[in-house]
Amino acid sequence: MVEAVAVASGKGGTGKTTATLALGMALAERYDVTVVDADTGMANLLFHAGLADAPVTLHDLLLDDADVAVDDAVYHRFGMDVVPCGTSLDAFREADPTRLRDVVAELARDTDVLLLDSPAALGSVSAVLPVVLADRVVVVLQPTVPALSDGLKVQEYARSYGTDGAGVLFNKVHDGDSVERIADRTERYFDGPVLASVPDADAAREARDAGEPLLAYAPASAAAEAFREAAAGIEIRDEPAEDVAARFRSAVVPEQP
Ligand SMILES: Nc1ncnc2c1ncn2[C@@H]1O[C@H](COP(=O)(O)OP(=O)(O)O)[C@@H](O)[C@H]1O
Ligand SMILES: [Mg+2]
């Protein structure tokens, strides 16, 4: 079985990468998990996962004349398979974003859950493809009205490509009241539940600086606990791996995102 879940948001810096790795580690207790840094223009998962020196990354797999195998960009870390992406702007320019379909199809053959750390903006093929490919999307937001409206755009876009909502994850929450104030609107407009409210936590920043996912760096922190709660709210659906791989391979790439 396999399901692809995009972790997305309307803005950068909301904690998509932190959330991708945290959900990945929590889900890895029950499933075989593969996380992919599909934010190919603003990649930063490698720094969060201690893979800054990874010799082969997703960028190498997206080159038209790629001479590496998908497996060469897969690193087993923290109980998951991790596919980091490089940060070179030249490599990003040379990459063919549509090749992500084949990479994801290949990865889907041998995992239960594919988490796609997705770009924030929706302005280009490379930015929208992870959300288009995914079965469902988790929207990571700070609990403010402007952030909700950004997140809704992501959800609308996802819906238009048949990607369902897996729920909303509030992150960097400063006080419980802020979530309470917008709870009604969140429930009314978003598909899926509020998966968790993750507090703003020094442990999250320190983990990033240490090059470790939060659940490895501070597993007993309140923030880690909230991410585990969020992961428990995502029931992974059972689709035959071959069907999913074929679907990824044949996904329609939007021409005018
Ligand atoms: N709950 C949190 N509390 C405090 N800092 C956080 C939290 N989640 C993420 N951060 C920090 O915010 C910054 C951006 O997070 P990151 O996951 O890289 O965001 P994105 O991938 O959306 O750009 C990082 O320095 C990270 O450590
Ligand atoms: Mg990121």
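Predicted model: local features only at pLDDT ≥ 70, side-chain atom pairs only at ≥ 80, totals over all residues.
1. Strands β1 and β5 run parallel and are joined by five bridges. Strands here are DSSP E runs of at least two residues, helices are H or I runs of at least four, and both are numbered from the N terminus. Two strands count as paired when DSSP finds at least two bridges between them. Ala6 has Leu116 of β5 as its bridge partner. β2 is also parallel to β5, again with five bridges.

2. Residues are numbered from 1 along each chain as its sequence is written, and chains are lettered from A and ligands numbered from 1 in the order written.

3. β5 is mostly covered, with five of its five residues buried. Buried means 20 or more other C-beta atoms within 10 Å of the residue's own, exposed means 12 or fewer, and partly exposed lies in between; C-beta atoms are placed from the backbone. Val113, Leu115 and Asp117 are buried on one side, Leu114 and Leu116 on the other. In a regular strand, side chains alternate between the two faces of the sheet.

4. Helix α5 spans residues 100-108, and its buried residues are Leu100, Arg101, Val104, Ala105, Leu107 and Ala108. They sit on the same side of α5, because their arc around the axis is only 165°. That arc is taken over the directions from the helix axis to the C-beta atoms. Their cover includes β1, β2, β5, α6 and α12.

5. Met25 is in helix α1. It counts as buried because it has 24 C-beta neighbours inside 10 Å. Leaving aside residues up to four places away in sequence, Met25 touches Phe78, Gly79, Met80, Pro213, Leu215 and Ala216. Contact means C-beta atoms, placed from the backbone, within 7 Å.

6. Which residues come nearest to ligand 1? Of the 18 around it, they are Lys16, Thr17, Thr18, Ala204 and Arg208. A residue is near if its C-beta atom, placed from the backbone, lies within 6 Å. α1, β7 and α9 each supply at least two residues of this shell.

7. Overall, the protein has twelve helices and eight strands. Its radius of gyration is 17 Å, close to the 18 Å that the globule rule gives for 257 residues, so it is as compact as a globular protein of that length. The radius is taken over C-alpha atoms, and the rule is 2.2 Å times the number of residues to the power 0.38.

Notes
Contact = placed C-beta atoms within 7 Å.
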